[in-house]
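Dear colleague,

I am handing over the structure we spoke about, and it is shown just below. Please look through it alongside the notes that come after it.

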Amino acid sequence: MRQIIILALLFFITYALQFLQWGSESELNPKSMASLGFILLAAYVAGGFFARFKLPKISGYIVTGIVCGPYVINLLSKGVVSDLRVLDDLALGLIALTAGGELKLTALRRDLKSVLYIIGFLVIVVFAGVTACVLAARPLLPFLSESPLTTIAVALCFGITAVATSPASTIAIITETRASGIVTERVLSITVIKDVLVVIAFAFILSIAKHLSLEPTIGQSAVTTVFTEVAASLLMGVVLGVLTVLYIRYINAEMLLFIIGLVFAGTAFAHWLELEAILMFMVAGFVVENFSSHGQELIETIERASLPVYVVFFAIAGAGINLPVLRQTLLIASILVAVRLLTTYLGTFLGSALAGDPPQVRRYAWMGFITQAGVSLGLATIVEQTFPTWGPHFKTLIVATIAMNLIIGPIAFKVALDRSGETEEMRERTLTLAEQPAPGP
Amino acid sequence: MRGIIGLIIIAVVGYLSAHFLFERLSRRFLLVSGIEYILLGVIIGPQVLNFLTPEMVTQLSPIFSLGVGWIGLLFGMQVRFRRLRRLDPAYFWITLIEAMITFVIVGGFFGLVFWYGLDGRGQWSILIPAAYVLGTTAMVTAPSAVALVKLRFRGHRYHVTHTLQHVIGFNNLLGIIVFGLLFCFIHVGETAGIRPLTAVEWINLSVILGILLGILFHLLVRREHDENELLLALIGIVVYGSGIAYYLRLSPLFLNLIVGIVLTNLSPLRRLLYEALHATERPFFIIFLIFVGAMWNINAVWGYLLVPAYILVRMGAKFLGGYLAYLSIEKKRLLVPNVGWGLLSQGGVALALVVNYQQVYQNRFTDLVVCCILVSVIINELVSPRLARDFLADLGEITLPAPDTGLQQQRPTPTSPS
């Protein structure tokens, strides 16, 4: 309560001071800065508050973003979000580097069968389930045209977008809970690999959708473009990874600055060449972790800066949740989310059961594949741009489902890690219980 | 594409040069680290290669301003009243005399230069800030030169060295406070809906805001012991304080200094807070230095013409101030008449002051004042460690030649505690 009163006071100060100064002519946008500062403090409080209820802190950051965002108190307005875009890029780069760095080649080799089985079933079941759901729920989607082919095109796009998850959220929860174990490893490996495959599969689906849709489309051969993008991103990721290894081996000074510079430079390159920045940095992290002995240094350096970065990233993600749209599309979005949850469970269960995974993977791993964020939003944006007739409606609905998954996903994953006993807290508790002397007769 | 290349240059060439070239030069010629980053900023900034475009500088301004606020907070966190009470009052007296004499002489001299030489007659709103910032940046002394000499050379009696370190610490504190008052005296912008505030009201507002933020922050984190969480909250309060200060056209350095003073005197977590701040100081400071270089308008020709005068007048004022301070104290063992040799280093605080000035006071004197101060800082950083070394060696407080102690890696940062 004390902390909330303090935040209210800070909020009051922010507003009251507007009457003391008129106009802001400098290049610097002081309002964005004060807003960012307030959000960091609010996220700190919200994170602590959520942690008290055994919920992930990143959910607190997301809620902070929603509350401070343009649809509630408007402190994190669209202008401020735009000013903070550069920090968002930095956050995504650091998160992707960590995700790649956490992927161990030896573990991947060992678990390859399970990983491939789960990915295979997950992609097929979720894609088929959500596509079928959209086709069945056609009356609830007024923007669909009379043409059945276009409806199929829309349904396919929904299906493939539903398969995407959020590596950023996964890595943030793992970092926050300091989780380790089989569920953690499996979820992380699958999330990272699946996202690469989803981007490729999306290109195929988009190409099919273009042929099916009778509406006008924009853009050229998506398949070749995406293949080129993915290949170039992988290559660039290897180059960045090798550069990082060389830097650590021969210089090894000001590591944090080097990483920040690397992320900015890499992101700029990715924007310029239209590469997948997240994929590029994941590969870079993967190279450093698996082809040098410096993976731990990389991860530790990033972890030093990770908390403020996560806060900015997830608060901006929260602020991006369009509440009016969510309200308008609540019914159909809820149905889609429910179907996605069900199919995610089914796909993961089938894959892990056939691969012979231990029970905790079968029971809990699916909860790590719920969160959606940047990748799904990126795919929805491509659909919006490609199909100007129904694309914007598609994106609106996808944004609503992403919002719901963004709220549910981190909580579900934290619960999964807790129940599988892989969070640091649960491991310590188990250890303490094991060390306690057995009760006497 | 130019931006991309610029960023790559920051990431690769900057570190390479910083690590290899400057490290060696520093070891050999006793240089203070930091200048290389300013020069790097100049080269890739809008004035030379324009790799780091003005838009990028603007986009990254939160990090930049965080650097300014960080410096203020770090200095504030070193002002513990309980510890200050134990110090010899002579240190305060020496600082007051030396710093104020330097401020008055340099500020007054350049006030006259602007008035008569640069057609600033009667233009008080631009003349006073320009002369004032030259005065305050002349007043402050970086701890880096003396700290570097102390690190590199073996010493035995540290009477004057200790005095220098204390005086430099107070000097910077006084510099930030005096500089903060400028924003209240010559306030830019208008108030909305109410009458314009007077200078005293702006001063009160700055102090009250700083104290309020400090108390609120203390209450917010008083049960926090996780270093990462503390760092998050610290970054939050510094960015918030800096944002508010910039919004009101006050000094974020001054406001965060007060926040720091409140925190260090109130919070039982002071050690944890200081450690969290200190541990992340260097990356912030390096980014800050690169941006300082990038924002420097190197074409401000008059700025270069002012540099010799600025350096000489500052040097003269430091010597006079030091001499008068020596005359005024009873404990003569604490000081020597030519203590000015040890007070010539400028550095982090001077840069933060000039950046703060540049962000708020935009007029025809701004570029030349910024140029003059930056060149002076660079020159002083190049020569002051050697001057300080020779000065302390002459006094017999350190021994030459230097044994290779292997301490070169511990390069001091501009806010190293004195």
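What follows is a short account of what was found.

Please keep in mind throughout that this is a predicted model. Chain A has 20 helices and zero strands. Its radius of gyration is 22 Å, close to the 22 Å that the globule rule gives for 441 residues, so chain A is as compact as a globular protein of that length. Taken along the principal axes, the C-alpha atoms of chain A fill a box of roughly 70 × 65 × 55 Å.

As for the interior, 56% of the 441 residues of chain A count as buried, and among the contacts in chain A with a separation of 6 or more, 83% are accounted for by residues 24 or more positions apart. The largest nonpolar core holds 301 residues, and of these A:Leu41, A:Phe313 and A:Ala315 touch the most other members. If residues up to four places away in sequence are left out, A:Phe313 touches A:Asp88, A:Ala91, A:Leu92, A:Ile95 and A:Ala168.

Of the 21 residues of helix 11 of chain B, 18 are buried, so the helix is largely enclosed by the rest of the structure. Just after helix 11 of chain B comes B:Arg249, which takes a positive phi of about 60°.

With best wishes

Key:
Residues numbered from 1 in each chain as written. Chains lettered and ligands numbered in written order. Predicted model: local features only at pLDDT ≥ 70, side-chain atom pairs only at ≥ 80, totals over all residues. Helix = DSSP H or I, 4+ residues; strand = E, 2+ residues; numbered from the N terminus. Rg over C-alpha atoms; globule rule 2.2 N^0.38 Å. Buried ≥ 20, exposed ≤ 12 C-beta atoms within 10 Å, placed from the backbone. Contact = placed C-beta atoms within 7 Å. Core = buried A, V, L, I, M, F, W, Y, C linked by C-beta atoms within 7 Å.
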